[in-house]
Amino acid sequence: MPEETIIITNYKACDSIEAEIKPKNKLNIKTVSGMGKKGKVTIDVIVNYCKGCEICVYFCPEKVLAMKKEIAEVIDISKCTKCNICEILCPDFAITVEE
Ligand code: SF4
Ligand code: SF4
């Protein structure tokens with residue numbers, strides 16, 4: 001989940017609450033889209049969150065992913081079956097698989 005700072009300003013007991021949500025860090029997301037084995041697929045890797053544990057690379061049954069400079073990277077999206085194993089197993093919510 002993205003880290004967020006919630007700042008509440010101008011608060012009065014029976015007044016409106018103005019809430020401002022400021023992301024702490026700008027997210028660096030590497031997106032790769034293409035046609036996989038089961039149709040269109042988009043894989044996002046949130047670089048800020050990836051700790052380089054290699055779990056997604058190791059468990060992807062189609063070898064779609066690889067490590068590059070200790071960050072997971074899509075190397076062959078055409079093999080992706082949208083099984084979502086990488087997304088489910090990532091302990092840091094750093095990878096997502098969508099249509
Ligand atoms: S499982 Fe998550 S944290 Fe680990 S290498 Fe893959 S994307 Fe990065
Ligand atoms: S969705 Fe499945 S096939 Fe596609 S990259 Fe993730 S683990 Fe590999």
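Start at ligand 2, whose shell divides into 9 nonpolar, 2 polar and 2 charged residues (Ala, Val, Leu, Ile, Met, Phe, Trp, Tyr, Cys and Pro count as nonpolar, Asp, Glu, Lys and Arg as charged, and the others, Gly among them, as polar). Now select Cys60, Val64, Cys80, Cys83 and Cys86: they come nearest of the 13 residues around ligand 2, where "around" means a C-beta atom, placed from the backbone, within 6 Å.

Before moving on, note that this is a predicted model, in which local features need pLDDT of at least 70 and side-chain atom pairs count only at pLDDT 80 or more, while totals for chains, interfaces and linings use all residues. Residues are numbered from 1 along each chain as its sequence is written, and chains are lettered from A and ligands numbered from 1 in the order in which they are written.

Next, hop to ligand 1. Of the 13 residues around ligand 1, pick Cys50, Cys53, Cys56, Cys90 and Ala94, which come nearest. The shell of ligand 1 splits into 9 nonpolar, 1 polar and 3 charged residues.

Now colour by secondary structure: the chain has 2 helices and 7 strands (DSSP runs numbered from the N terminus, H or I of at least four residues for helices, E of at least two for strands). Three of those strands form an open antiparallel sheet in the order 3-4-7, pairing meaning at least two DSSP bridges between two strands.

Zoom in on strand 3 and strand 4 (residues 39-46), which pair antiparallel over 8 bridges. Last stop: select Met35, which stands opposite Lys40 in strand 4.
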